[in-house]
Amino acid sequence: MIFVLIVKVQIIINMPKPVFITNYFTTVGCGVDRVSTCNLCGKDYNRPSGSTGSLRNHLSTKHPEEFEELLGLERAGAEAEVQRLASKQTQKSQELRHQSKF
Ligand SMILES: [Zn+2]
């Protein structure tokens with residue numbers, strides 16, 4: 001159970017930003033057969049290119065509340081990424097300072 005949770009958290013952390021939109025859709029197939037179905041109303045979208053534009057459009061017009069939630073998730077994700085990069089940077093400069101002592 002805990003293992004599953006850790007894997008899930010890692011998947012969320014490793015995913016690129018557009019992934020949040022796919023939380024609201026179930027996607028099957030790939031390439032020209034790729035179809036995403038809205039989890040909220042069941043509308044199907046063919047997405048041969050894999051782009052999420054039509055999905056975002058659907059969510060923003062048909063499910064504005066969920067779209068707001070999505071924007072919040074994306075903001076939080078972006079902030080987490082900025083913090084991650086910032087802490088990496090700090091670590092590096094500390095390493096450099098350490099090395100220059102010798
Ligand atoms: Zn829908």
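Confidence in this predicted model is lowest in helix α1 (residues 2-14), at a mean of 65, and highest in strand β2, at 96. The confidence score is pLDDT, which the predictor gives to each residue on a scale from 0 to 100. Over the protein the mean pLDDT is 85, and 81% of the residues reach 70 or more. Where pLDDT is low, the predicted coordinates should not be read in detail.

**Conventions**
- Residues are numbered from 1 along each chain as its sequence is written.
- Because the model is predicted, local features need pLDDT of at least 70 and side-chain atom pairs count only at pLDDT 80 or more, while totals for chains, interfaces and linings use all residues.

**Overall make-up**
- The protein has three helices and three strands, where helices (H or I, at least four residues) and strands (E, at least two) are DSSP runs numbered from the N terminus.
- Their order from the N terminus is α-β-β-β-α-α.
- Of the 102 residues, 8% are buried; a residue is buried if 20 or more other C-beta atoms lie within 10 Å of its own, exposed if 12 or fewer, and partly exposed in between, with C-beta atoms placed from the backbone.
- Among contacts between residues at least 6 apart in sequence, 30% join residues at least 24 apart; two residues are in contact if their C-beta atoms, placed from the backbone, lie within 7 Å.

**The sheet**
- An open sheet is formed by three strands in the order β1-β2-β3, with antiparallel pairing; two strands pair if DSSP finds at least two bridges between them.
- Strands β1 and β3 are the edges, each pairing on one side only.
- From one strand to the next the twist averages 25°; axes are lines fitted to C-alpha atoms, for helices over the stretch in contact, and angles run from 0 to 180 degrees between N-to-C directions.
- Helix α2 packs on this sheet and touches β1, β2 and β3, its direction making about 155° with that of β3.

**Strand pairs and turns**
- Four bridges join β1 to β2, and Val 28 stands opposite Val 35 in β2.
- Six residues lie between β1 and β2 in their hairpin, and Gly 29 in the turn has a positive phi of about 75°.
- Three bridges join β2 and β3; in β3, Val 35 has Asn 46 as its bridge partner and Thr 37 has Asp 44.
- The hairpin of β2 and β3 has five residues between the strands, and Gly 42 there takes a positive phi near 85°.

**Thr 26**
- Thr 26 belongs to strand β1 and counts as partly exposed because it has 13 C-beta neighbours inside 10 Å.
- Apart from neighbours within four places in sequence, Thr 26 is in contact with Ser 36, Thr 37 and Asn 39.
- The C-alpha atoms of Thr 26 and Cys 38 are separated by 6.6 Å, although these residues are 12 apart along the chain.

**Helix α2**
- In helix α2 (residues 53-62) the buried residues are Leu 55, His 58 and Leu 59.
- Viewed down the axis of α2, these buried residues fall within an arc of 95°, so they line one face of the helix; the arc is that of the directions from the helix axis to the C-beta atoms.
- An α-helix has 3.6 residues a turn, so residues three or four places apart point the same way.
- The face turned away from the buried side of α2 carries the exposed residues Gly 53, Asn 57 and Thr 61.
- The buried residues of α2 pack against β1 (25-28), β2 (35-38), β3 (44-46) and α3 (64-100).
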